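This report looks at how aromatic rings pair up in one protein model. The sequence and structure come first, then the text.

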Amino acid sequence: MLLHDTALIYGRHLRQSLRSRFGLVFGMLVPLLYLLFFGPLLTHLPLRAQGSSWQTLVPGVLLQLGLFGSAFAGFSVIVEKNQGVLERMRVTPVSRLALLLGRVLRDATVLVVQAVVLVLAAVVLGLRAPLPGILIGFGFVALLTVSLGSLSYATAMKVATPQEFGPLVNATTMPSMLLSGLILPMTLAPGWLNVLSHLMPFRYLVDAVRDAYVGSYTTAHMLYGVLVALGFALVAVTVGTRVFRTAGA
């Protein structure tokens, strides 16, 4: 029943996304602008000991897409909650876990497709990376989306209006972006800032994807990145499911 319910919720929300072509296009506009206008500025700069500047920038842009695309996903839950749609779903026998998984899997599907488009654009601009590394990057985007999407939906269940939700998400996503080294490696930062960034889970994902893009699949960065991504996803889905079961009950 869990798989059946998840497939139903997933299909419903995926159809909504496909009907919103405006949202699909503009969802990846900011990361694409980073590639077009910021990438050429870094072309000849030695950002890391290994790989080109594109192999440093593109992984950060992909995870930035996952970060912002999933962190703001909770807006849709606020709308459904205020219109009574969510409550009508919750009084049916549908699994509470399916109510969450259907949504986050839809988000992961959409963002991975957008990530594919971004990588193709980056290849045109000059990116050269091994195919296994690119596929690993898509996997990290999906895991990050599941994690942050679950927390976003859980947060949205606890607030009453979009006016409360927006500033709260901004207050967490901006420090996350700046301290995780999404745009530039934190090894370029002052020592105290580099140390502080290790408290940010997203840093380990960024370092892992950058290693994958230069063909390094057995490094400590990769191990830490996989462990953090899987652990974060497990905790986030557990928290999100619990909130869907109890909020407003």
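Phenylalanine 165 is buried, as its relative accessible area is 0%; buried means under 20% relative accessible area, exposed over 50%, and partly exposed in between (1.4 Å probe, protein chains only). The model is predicted, so local features need pLDDT of at least 70 and side-chain atom pairs count only at pLDDT 80 or more, while totals for chains, interfaces and linings use all residues. Residues are numbered from 1 along each chain as its sequence is written, and side-chain values use heavy atoms, with hydrogens and water left out.

A search of the whole structure gives four aromatic pairs. Rings of Phe, Tyr and Trp (its six-membered ring) pair if their centres lie within 6.5 Å; planes under 30 degrees apart are stacked, over 60 edge-to-face, and the rest tilted. Two of the pairs are listed here.

| Pair | Centre to centre | Angle of planes | Type |
|---|---|---|---|
| Phenylalanine 75 and phenylalanine 165 | 4.9 Å | 80 degrees | edge-to-face |
| Tyrosine 204 and tyrosine 224 | 6.5 Å | 85 degrees | edge-to-face |

Phenylalanine 75 belongs to helix 5 (residues 75–83) and phenylalanine 165 to helix 9 (residues 162–179), so their pair ties together parts 90 residues apart in sequence. Helices (H or I, at least four residues) are DSSP runs, numbered from the N terminus. Phenylalanine 75 is partly exposed, at 30% relative accessibility. Ring pairs also join Phe72, Phe75 and Phe165 into a cluster.

The tyrosine pair links distant parts of the chain, with tyrosine 204 in helix 11 (residues 201–213) and tyrosine 224 in helix 12 (residues 220–246), 20 residues apart. Tyrosine 204 is partly exposed at 22% relative accessibility, and tyrosine 224 is partly exposed at 44%.

How values were computed. Helices (H or I, at least four residues) and strands (E, at least two) are DSSP runs, numbered from the N terminus.
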